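Let's read a few structural features together, one question at a time.

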Amino acid sequence: MKRWPGPDPRRVWALAWKEALQIVRDPSVILVAFVLPAVMLFLFAYAVSLDIKTVPIGVVLESDGGEAQSLAAAFASTRYFVAVPARDRRAVAADLVGGRLRGFVVIPQDFERRLQGGTPGPWVQVVTDGSQPNTASFVASYAQGVVNAWRASRRTGPAGGGIDLEPRFWFNPEIESRRFLVPGAIAVVMTIIGTLLTALVVAREWERGTMEAILSTPASVGEIIAGKLLPYLALGLGATFLSAAMAVTVFGVPLRGSWLALLALSLAFMFPALGQGLLISTLARNQFIASQLALFSGFLPAFLLSGFLFEIDSMPAPVRALTYIVAARYFVSSLQTVFLAGDVWALLLPNIAALLAIGLALFALVRLKTRKSLDV
């Protein structure tokens with residue numbers, strides 16, 4: 001009977017079983033696979049927030065009119081600001097310079113007259129701290145929103161020159177940053193875990209000399225790689241689903257897509273993540289160097305170039321081109337789609353194809369650099 005020309009399933013299974021037993025005997029692997037993602041997800045979910053809440057601003061009320069006092073009360077009642085009342089803008093200007101306030105609103109003496117349209121020009125002034133551009137932009141836009149809402153409630157005429165704007169925010173109606181940061185954080189965390197797991201464990205084999213015993217077996221290089229990969233693929237999938245379950249149950253992020261789509265995306269993403277770890281361990285053969293390379297090549301690109309925090313379209317063209325070879329870019333986008341929009345396969349399938357292509361390239365390099373020889 002002619003032998004199957006591909007990898008022998010029995011050898012692959014035997015190598016995978018041996019690796020699984022080593023994982024069970026090594027508690028540090030379980031800690032890296034399950035405890036570290038949970039801790040990092042908590043940190044990302046609670047420490048990183050783009051929401052503006054309880055920002056201290058000054059409200060300078062120069063007019064004693066009823067309308068002016070009503071607008072000042074509107075600023076005091078919103079949950080986004082902590083309003084500090086003042087009668088003189090020089091008092092709050094000193095607090096703005098000292099960093100105790102992020103901006104201030106001036107309701108001028110002729111507020112009522114300007115409001116009635118007798119005087120052209122703006123009738124409320126907003127001053128913000130431009131040294132923090134994002135906060136300044138948020139304060140200005142939120143202050144504008146407070147004024148528009150107040151005008152609508154007072155029926156003093158339509159805002160925006162006779163045009164009523166009725167904004168609707170799809171996928172994230174509350175505009176809560178946690179809802180798109182947590183899925184992105186899962187991608188960043190799993191990039192670190194997937195890369196670090198394989199990079200450390202295979203490098204440990206080289207350090208301890210046990211790789212010699214594996215290379216002396218009849219197993220081919222492909223079978224050895226597959227046997228090493230399968231247990232960590234299972235660990236990575238388990239860690240991803242643990243993180244997704246935490247996102248839904250602990251952080252309240254809705255999962256509008258299916259768990260099946262999440263499984264397909266996770267499988268596709270673990271392919272390049274584990275391949276990167278294997279490539280690092282093949283080149284480094286030292287746990288310390290492998291861990292440094294894994295963090296440098298895994299965490300930094302995933303954090304900076306994946307679109308998790310920084311908009312890719314705003315990056316310079318060379319950096320934007322570099323993001324196309326960062327696997328986390330496709331995983332971040334896919335997870336945000338599955339969590340917030342659902343199973344939009346027209347968006348998910350191109351990302352899965354890109355992840356598989358990056359993974360194939362990495363495993364081709366691993367196959368090229370791994371020989372059944374102890375020579376480097």
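Predicted model: local features only at pLDDT ≥ 70, side-chain atom pairs only at ≥ 80, totals over all residues.

Q: How far does helix α14 reach from its first C-alpha to its last?
A: Helices are DSSP runs of H or I, at least four residues, numbered from the N terminus. The expected span is 1.5 Å times one less than the number of residues. Helix α14 (residues 345-369) has 25 residues and reaches 36 Å, close to the 36 Å expected.

Q: Which helices do the buried residues of α14 pack against?
A: Buried means under 20% relative accessible area, exposed over 50%, partly exposed in between (1.4 Å probe, protein chains only). In α14 the buried set includes Leu-348, Ile-352, Leu-355 and Phe-363. The buried residues pack against α9 (221-249), α10 (259-284) and α13 (327-340).

Q: Is Leu-43 buried or exposed?
A: Exposed: Leu-43 has a relative accessible area of 54%. You'll find Leu-43 in helix α2 (residues 27-47).

Q: And Thr-191, which residues does it touch?
A: Contact means heavy atoms within 4.5 Å. Not counting residues up to four places away in sequence, Thr-191 touches Phe-269, Gly-298, Ala-302 and Ala-328. Thr-191 lies in helix α7 (residues 178-208) and counts as buried, at 7% relative accessibility. Thr-191 and Pro-272 are 81 residues apart in sequence, yet 9.2 Å apart in space, C-alpha to C-alpha.

How values were computed
Residues numbered from 1 in each chain as written. Heavy atoms only, no water. Helix = DSSP H or I, 4+ residues; strand = E, 2+ residues; numbered from the N terminus.
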